[in-house]
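Student: Hi! Could you walk me through this structure, starting with how the strands pair up?
Tutor: Happy to, let's have a look.

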Amino acid sequence: MTWKSLVQLYEQPLGVEDNPDAGPIAIGEGAIVFDNVTFQYGSHQTPLYRDFSVSVAPGERVGLVGHSGSGKTTFVKLIQRLYDINSGDIRIDGQDIAGVQQSSLRGQIAIVQQEPILFHRSLADNIAYARPGASRAEVERAARLASAHDFIVGLPKAYETMVGERGVKLSGGERQRVAIARAFLADAPILIMDEATSSLDSESEVLIQEAMERLMVGRTTLVIAHRLSTVRALDRLLVFDKGRIVEEGRHEQAHPAFGRHLSTPVRTSGARVDQGPDDRLTIKIRDALAPRICCS
């Protein structure tokens, strides 16, 4: 991704605007509530969600599972207010997110995507992207927590190593650990992770799994989960189907339904995943030029 492309994306009009009287949101515990939410993408004839309600407790670690198009990705998009809902409310710590500044909301949500967005800058700069102005000591601490420090210091230029466009000079596991280091540095009360372990070697998967478990401690966490090894560490699973939660609980409580979604890794290459007229990736890249924290 070039800076010219970033500027072009930044100049595109936003699909969601702040209300004139919108103020910052104050997220402490990180309780999330969907209250009778109805939502449909602009080009669709019928709503994906209709009178949809669910609550996530402060500090709860929740896995979202379901087939492509089931509504799980839309769920995390709506928490970030990448789209406005048709009716109902989405509240975080009792505050309706429709009435707060988007920059404030997204600045308190850390995101680790399946395919992390890295820039052709140094490793230190890529990690510090989560919190511009962070000290080198803070960057290195985040890297240690993400199991990234050892591979970084093993490179000829260590933290000053240039990663190449989209991080092409790093392996998939190394890119993922840089993204997790960003999330540690952001230290946001809400964490969203789209698990990416299907294309990793076994050593990288173990390191990333350990880093993810450290990262989840003390945060309200939503994980789009693909593997049983991940969901075992979670407090609750929500099984999505056609915009509804058809089952919930721990994986061992209702494994017949959960197992259909988690017995094998889910590869999303080429799949349609709750796409609308805009998408999370575009806005995350656009936010690279704004004073917001995102950890993709």
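Student: How many bridges join strand S9 to S10?
Tutor: Five bridges join S9 (residues 236–241) to S10, and the two run antiparallel. Strands here are DSSP runs of E with at least two residues, helices are runs of H or I with at least four residues, and both are numbered from the N terminus. Two strands count as paired if DSSP finds at least two bridges between them. For example, Asp-241 has Arg-244 in S10 as its bridge partner.

Student: Wait, is this model predicted or experimental?
Tutor: It is a predicted model, where local features need pLDDT of at least 70 and side-chain atom pairs count only at pLDDT 80 or more, while totals for chains, interfaces and linings use all residues. Residues are numbered from 1 along each chain as its sequence is written, and side-chain values use heavy atoms, leaving out hydrogens and water.

Student: Ok, what order do the strands of the open sheet come in?
Tutor: The order of the six strands is S6-S7-S8-S3-S9-S10, with mixed pairing. S6 (109–112) and S10 (244–249) stand at the edges with a single partner strand each, so one side of each has no neighbour in the sheet. From one strand to the next, the twist averages 20°. Angles like this run from 0 to 180 degrees between N-to-C directions, using axes that are lines fitted to C-alpha atoms, for helices over the stretch in contact.

Student: Which strands does helix H7 lie across?
Tutor: H7 (residues 172–186) lies across S6 and S7, at about 175° to S6. Helix H2 (residues 72–79) lies across S3, S6, S7, S8 and S9, running at about 145° to S8.

Student: And how do H5 and H7 cross?
Tutor: The axes of H5 (residues 136–145) and H7 come within 8 Å and cross at roughly 125°. That makes H5 oblique to H7, since under 35 degrees is roughly parallel, over 145 roughly antiparallel, 65 to 115 roughly perpendicular and the rest oblique. Residues in the contact (heavy atoms within 4.5 Å) include Ala-142 of H5 and Phe-184 of H7.

Student: Switching topic, what is in the turn between S4 and S5?
Tutor: S4 and S5 form a hairpin with two residues between them, and Asp-93 in the turn has a positive phi of about 50°. The two strands pair in the antiparallel sense over two bridges, and Ile-92 has Gln-95 in S5 as its bridge partner.
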